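The sequence and the model come first.

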Amino acid sequence: MAHLTHSPSEPTGLRSLVADWSADREAFKVPCGKAMMWIFLLSDTFIFGCFLTGYMTERMASPVPWPNASEVFALTIGNAKIPLILIAIMTFVLISSSGTMAMAVNCAYRKDRAKTAALMFATAAFGVMFVSMQAFEWTKLIVHEGIRPWGNPLGAAQFGACFFMITGFHGLHVSAGVIYLLTVATKVLKGRYEESGNYQIVEIAGLYWHFVDLVWVFIFAFFYLW
Amino acid sequence: MAYAEHHAPQSFWTKYVWSQDHKVIAVQYTITAILVGLVALVLSDLMRMQIGFPGRLAFIDANHYYQFVTMHGMIMVIYLLTALFLGGFGNYLIPLMVGARDMVFPFLNMLSYWVYLLAVLILMASFFVPGGPTGAGWTLYPPQAILPGTPGSDGGIVLMLISLVTFIVAATMGGLNYVTTVLQARTQGMTLMRLPLTVWGIFVASIMALLAFPALFVSGVMMLFDKLLGTSFFMPAMVSMGQTLAYKGGSPILFQHLFWFFGHPEVYIVALPAFGIVSDLLSVHARKNIFGYRMMVWAIVIIGALSFVVWAHHMYVSGMNPYFGFFFATTTLIIAVPTAIKVYNWLLTLWRGNLHLTTPMLFALGFISTFAIGGLTGLFLGNVSTDIPLSNTYFVVAHFHMVMGVSPILAIFGGIYHWYPKVTGRLLNETLGKLHFWVTFLGTYAIYFPMHYLGILGMPRRYYAYPNYEFIPPSAQYLNAFITVAALIVGVCQLVFIYNLIRSVFNGQPAGPNPWGAASLEWQTPHTPPQHGNWGPALPQVHRWPYDYSVPEADADFLPQTSTSPLTIDEATHGHGDKP
Ligand code: HEM
Ligand SMILES: [Cu+2]
């Protein structure tokens with residue numbers, strides 16, 4: 001009837017997978033902060049997923065045609081109207097910031113304080129550049145094209161509504177990320193993590209930053225290339 | 001986190017108000033949720049007065065009725081049940097049951113409560129703005145929710161949406177903590193497959209909350225923009241009260257999809273913790289191991305996953321492609337399988353158990369009964385062809401109250417009677433408890449059983465009065481009056497419970513560390529109530545699952561999870577399938 005607790009037969013197959021996953025103490029061999037960031041980003045993915053699904057539905061349901069992306073998002077430089085030029089630069093800036101962020105994480109692993117902080121400041125600077133260019137684009141759409149959340153002389157009213165809402169929400173994420181990066185970078189510079197030698201926080205901030213970049217790729221594809 | 005670093009807070013303010021201790025936060029959540037739940041209870045009795053005795057309370061006009069329906073539904077579902085299960089039970093039980101000193105991020109946890117309180121206050125403020133709270137129904141469907149003609153379409157709906165968004169922020173901060181704590185902060189020996197089912201239920205529900213609330217968040221933000229900025233996300237071109245509106249081209253159906261993508265999982269966000277709690281109560285008070293532990297875990301996980309692909313069964317009458325109807329009806333009915341497994345396993349747990357009919361046990365048994373009834377009527381509503389004639393009748397009201405109103409509430413009551421001794425060190429009064437149980441349990445049947453019949457007669461829900469409905473026989477009014485009397489009795493009976501809660505803090509019989517003889521970890525703390533840090537100098541070590549009751553040849557009738565005895569009846573520990 002009764003059995004010995006300490007005579008486990010090794011599970012096999014699917015059960016071994018379960019057993020590995022459900023081992024005691026930690027399901028993932030990472031610090032809590034990192035695990036929590038992952039879970040948060042998963043939740044945030046659902047937020048952006050809902051926003052973008054909503055946008056697609058609005059666009060497909062709209063009885064009025066959507067403005068032509070290569071025209072609304074074009075910039076007149078000199079005399080030439082260049083489609084998507086601003087957005088190309090913005091995307092380039094944001095992708096570069098992911099590069100500097102990855103390098104910062106690498107330096108943090110090597111406990112190179114000065115370099116880590118410098119690269120994080122660079123990342124934040126790219127972020128600020130991105131948000132400023134976004135502000136420029138908004139100004140252009142609002143002032144020059146007359147597009148508003150509630151109306152749009154070039155076509156469906158939902159265009160402005162979706163655009164401002166979703167890029168705005170993403171821009172808030174970038175701005176929050178900049179503040180987050182600046183805080184962590186300052187602490188790194190001051191040697192706050194010297195004692196513990198634990199620079200995980202840089203990687204956690206990096207996770208967030210890469211996520212925000214990744215989301216941008218989707219926004220870019222759905223708004224500017226569709 | 002070393003124990004020495006944990007300075008126990010000293011002053012009253014840091015200890016009980018700005019506390020980062022999960023146990024205090026849990027109590028704060030619970031008290032707040034119960035208080036706002038009482039508001040919802042009063043609203044329900046006011047509604048019943050109007051339905052049972054039309055015109056008797058002269059101040060209830062049609063607009064008030066809509067506002068009461070809306071606020072009652074929303075408070076019950078979100079601010080009472082969700083907050084109490086996750087913020088209350090989750091906060092108290094997770095660290096104690098997994099053997100942690102606290103949640104992994106105590107500060108965030110504290111913030112979660114204060115933001116929740118803010119959400120509640122914003123919601124309550126909507127009672128006092130001009131026009132009153134929103135009367136759009138708890139589903140808040142646009143376009144009507146934000147147009148004149150619906151009560152509270154100005155301040156009311158705006159405050160409701162802001163309050164919901166605030167609540168989501170709070171729930172996210174809490175949920176991240178609960179999930180991370182379960183995943184990463186278990187004590188030595190506490191594998192996932194040794195967690196009590198209560199933790200499993202709350203854990204999966206927290207994950208679901210993190211994935212489902214985003215849809216409500218997004219729809220809330222979009223509706224706020226429609227209301228405040230004049231965007232037309234959900235607003236088609238239309239004429240309202242003789243005026244052509246500026247809105248055009250939006251999709252009201254999109255809101256319904258977003259709302260129910262949140263709304264259906266929400267049903268399980270409040271059901272899964274209830275499943276878990278009931279499983280544990282049955283096992284403890286029947287002195288038997290839970291039947292089919294692994295199956296129970298998998299059922300929780302599978303129900304949680306499936307509940308994300310059934311949402312459109314709430315939209316059959318909104319019109320949809322017949323293939324979609326087929327898809328959503330099928331997935332809906334598939335959920336019945338793991339759910340039925342759970343019910344069978346509960347019954348098999350009871351089979352030949354040594355049942356102690358304590359108050360918590362009575363509530364757990366009551367849960368099985370109401371949940372099974374509510375689940376059965378769900379089959380009618382899950383099928384397109386039978387749903388269409390029943391939709392928007394009192395049959396629906398009866399169904400969802402049985403399955404997601406009464407059942408989770410019974411589980412909450414059971415849980416409170418069960419864990420109150422751990423929280424306060426004193427038992428709740430059993431006589432009052434049994435009185436509370438029988439009145440509530442029989443009362444809810446008296447309220448909701450006749451409603452099924454009214455629904456089949458075709459009595460529509462969300463109606464303030466029923467003039468000119470010749471097809472409803474006059475006798476229905478007797479039933480309605482009967483239901484109202486029952487509802488009033490049940491409502492008053494909750495005061496007995498509140499009285500018991502308050503009185504027992506001071507006068508309850510001292511409980512000792514483990515009054516029910518329970519095996520799970522929270523009953524093995526060195527102090528009752530547990531002190532700051534929960535475990536004294538050393539964390540507990542876990543050697544077994546939490547269900548070793550009536551183990552043959554063992555000395556005691558249960559073996560706590562910390563016991564090192566070689567005896568166990570956990571099948572998973574010694575290979576699989578080989579029967580004892
Ligand atoms: C004794 C307890 C309760 C009574 C007497 C009661 C009564 C009512 C009444 C009279 C209505 C309005 C029916 C109509 O006109 O359509 C209603 C609606 C509702 N109730 Fe309850 N209720 C109780 C408990 C609960 C609980 C615990 C929940 C938690 C889930 C709940 C959730 C709802 C919801 C979601 C609605 C629908 C609101 C709407 O139509 O927008 N109720 N209830
Ligand atoms: Cu549903």
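How many aromatic pairs does the structure hold over all chains? There are 69. Rings of Phe, Tyr and Trp (its six-membered ring) pair if their centres lie within 6.5 Å; planes under 30 degrees apart count as stacked, over 60 as edge-to-face and the rest as tilted. The model is predicted: local features need pLDDT of at least 70, side-chain atom pairs count only at pLDDT 80 or more, and totals for chains, interfaces and linings use all residues. Residues are numbered from 1 along each chain as its sequence is written, chains are lettered from A and ligands numbered from 1 in the order in which they are written, and side-chain values use heavy atoms, without hydrogens and water.

Two of the pairs are tabulated here.

| Pair | Type | Centre to centre | Between planes |
|---|---|---|---|
| Tyr113(B) and Trp114(B) | edge-to-face | 5.0 Å | 75° |
| Tyr417(B) and Phe497(B) | tilted | 5.7 Å | 45° |

Tyr417(B) sits in helix α12 (residues 394-424) of chain B and Phe497(B) in helix α14 (residues 476-507) of chain B, so their pair ties together parts 80 residues apart in sequence. Helices here are DSSP runs (H or I, at least four residues), numbered from the N terminus.

Tyr417(B) is buried at 2% relative accessible area; Phe497(B) is buried at 3%. Buried means under 20% relative accessible area, exposed over 50%, partly exposed in between (1.4 Å probe, protein chains only). Tyr113(B) is buried at 6%, while Trp114(B) is partly exposed at 23%.

The structure holds 0 disulfides over all chains. A disulfide is a pair of cysteine sulfur atoms within 2.5 Å. The sulfur of Cys50(A) has its closest cysteine sulfur in Cys162(A), 14 Å away, too far for a bond.

Key
Helices (H or I, at least four residues) and strands (E, at least two) are DSSP runs, numbered from the N terminus.
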